[in-house]
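User: I have a model open and would like to learn how to read it. Could you walk me through it, feature by feature?

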Amino acid sequence: MVAKTFNLLSIGERGVGKTVFLAGSYTELQGEYSSEHPKAAWFDCQDQEVRSNIEKILFHVQNTGLYPPATIKITNFNFDLKYQGWWGVKTRCKFRWWDIPGEACHIRNPDFQELVLKSQGCCVFISAPGLIHDREYAQTLADLFDQVVAIASLVNQQRLNYSFAIVLTKCDLLESGTVTQLQIEQNLQPLITRLDALKASYQKFYSAIPVVSMQGTSTLNARGAADPLLWLLAQLNKHHHFQPNHNLATGLAQTALTQQMFPSNLRKSVALLAIASISLLGVAIALLFSLGLFTMTPDQVPVNEQKIHF
Ligand SMILES: Nc1nc2c(ncn2[C@@H]2O[C@H](COP(=O)(O)OP(=O)(O)O)[C@@H](O)[C@H]2O)c(=O)[nH]1
Ligand SMILES: [Mg+2]
């Protein structure tokens, strides 16, 4: 069976932690399956350029103990999700990741619209420290919430299977505890309420990918980093049987086609004509009854009601 390809959108402003998240997800699941190192699933990247970029990032962290510079970008992150099957390594699905610069994430931008329409899922990145400590972040957040809601409205209109992973980044910079948790929940509420109203499929994830140094080498401590991507892919795989290759673009194209073939005026006329025909048919049947044309002729009278003559 050919593995399906899913297009995933990633939205969130520059510096929110998208590159670190991708490098962390890859690191967490990195490596081939072996009996000493069994894995449920892992990401496999065939693209040489992307692979070398991720390696550059990991090398940089290892040598400097610092996060990668913003100059190392991963714009097209094409990966296969592999797993160990009964008879060898299998590909569960493929995914294309589109990392869009924050400033381009405007629903009125035609390039952004096109990407949105071709995608099946979306990772929404929100800085957790920004969400609860930074007043200036409020406007950025309001814009981001609008973009997410705009996508969710289209999804709802088209009744598509589309999922949102809401990733709260840099959670390791926050004090752990219920107060922090409550503040996060409270500040996310405006988005959650709107997503619930649109019956969107979403899940929140708390991402913490600190750089940790041990015995002179540093690494990205990426425990649980891949959870949002694994969840999104599981959601999409679940629904794939019912809607193969169906995304917002095909859904909208179908609607546009129906509207072209049957413009709304024509659709109204057809409906009126149908109602009128049904009413006429009713009147005709009533008339036939009243004229007695529908009464039974003697040879149609049932046997048990026929009079017996001796
Ligand atoms: N402490 C901490 N800092 C992070 C984390 N993720 C990102 N950062 C910081 O945020 C900066 C920008 O992250 P980056 O992934 O390049 O952002 P992007 O522009 O969205 O790709 C990094 O250089 C780090 O300083 C995290 O999980 N924990
Ligand atoms: Mg980046």
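**Reading the model step by step**

Analyst: Happy to! The chain has nine helices and nine strands. Keep in mind from the start that this is a predicted model.

User: Then let me begin with confidence. What pLDDT does the chain average?

Analyst: The average pLDDT is 79, and 73% of the residues score at least 70.

User: Good to know. How many of the residues in the chain are buried, as a percentage?

Analyst: Of the 310 residues in the chain, 39% are buried. For a view of how the chain folds back on itself, turn to sequence separation: among contacts with a separation of 6 or more, 74% join residues 24 or more positions apart.

User: Which residues touch the most other members of the largest nonpolar core?

Analyst: Those are Phe43, Phe95, Trp97 and Ile126, in a core of 75 residues. Helix 5, residues 137-158, gives the most to this core, contributing nine residues.

User: Next, helix packing. How do I describe a pair of helices?

Analyst: The general idea is that two packed helices are described by the angle between their axes and the distance between the axes.

User: Which residues make the contact between helix 1 and helix 2?

Analyst: Helix 1 brings Thr19, Ala23, Tyr26 and Thr27, while helix 2 brings Arg51, Ile54, Ile57 and Leu58. By type, the residues of this contact divide into five nonpolar, two polar and one charged.

User: Can we zoom in on single residues? Is Ser25 buried or exposed?

Analyst: Ser25, found in helix 1, counts as buried because its relative accessibility is 0%, and the cut-off for buried is under 20%. Now check its partners. Leaving aside neighbours within four places in sequence, Ser25 is in contact with Phe43, Ala225, Ala226 and Leu229. The pair Ser25 and Ala225 is 200 residues apart in sequence, yet the C-alpha to C-alpha distance is 4.9 Å.

User: And for comparison, where is Arg194?

Analyst: Arg194 is in helix 6, residues 178-197. This residue is partly exposed because its relative accessible area is 33%, which lies between the cut-offs of 20% and 50%. Not counting residues up to four places away in sequence, Arg194 touches Phe145, Asp146 and Val149. Between Arg194 and Asp146 the sequence separation is 48 residues, and their C-alpha atoms are 9.6 Å apart.

User: Last topic: backbone torsions. What should I look for in phi?

Analyst: Most residues other than glycine have a negative phi, and most peptide bonds are trans. Lys199 has a positive phi of about 55 degrees although it is not a glycine. Lys199 sits in the loop between helix 6 and strand 7 (201-206) and is exposed, with a relative accessible area of 72%.

User: What is the phi of Gln215 near?

Analyst: Gln215 has a phi near 45 degrees, a positive value in a residue other than glycine. Its place is in the loop between strand 8 (211-214) and strand 9 (217-220). Gln215 is exposed, because its relative accessible area is 85%.

Key:
Residues numbered from 1 in each chain as written. Chains lettered and ligands numbered in written order. Predicted model: local features only at pLDDT ≥ 70, side-chain atom pairs only at ≥ 80, totals over all residues. Heavy atoms only, no water. Core = buried A, V, L, I, M, F, W, Y, C linked by side-chain atoms within 4.5 Å. Buried < 20%, exposed > 50% of the residue type's maximum accessible area, 1.4 Å probe, protein only. Helix = DSSP H or I, 4+ residues; strand = E, 2+ residues; numbered from the N terminus. Contact = heavy atoms within 4.5 Å. Nonpolar A, V, L, I, M, F, W, Y, C, P; charged D, E, K, R; others polar. pLDDT = per-residue confidence, 0-100.
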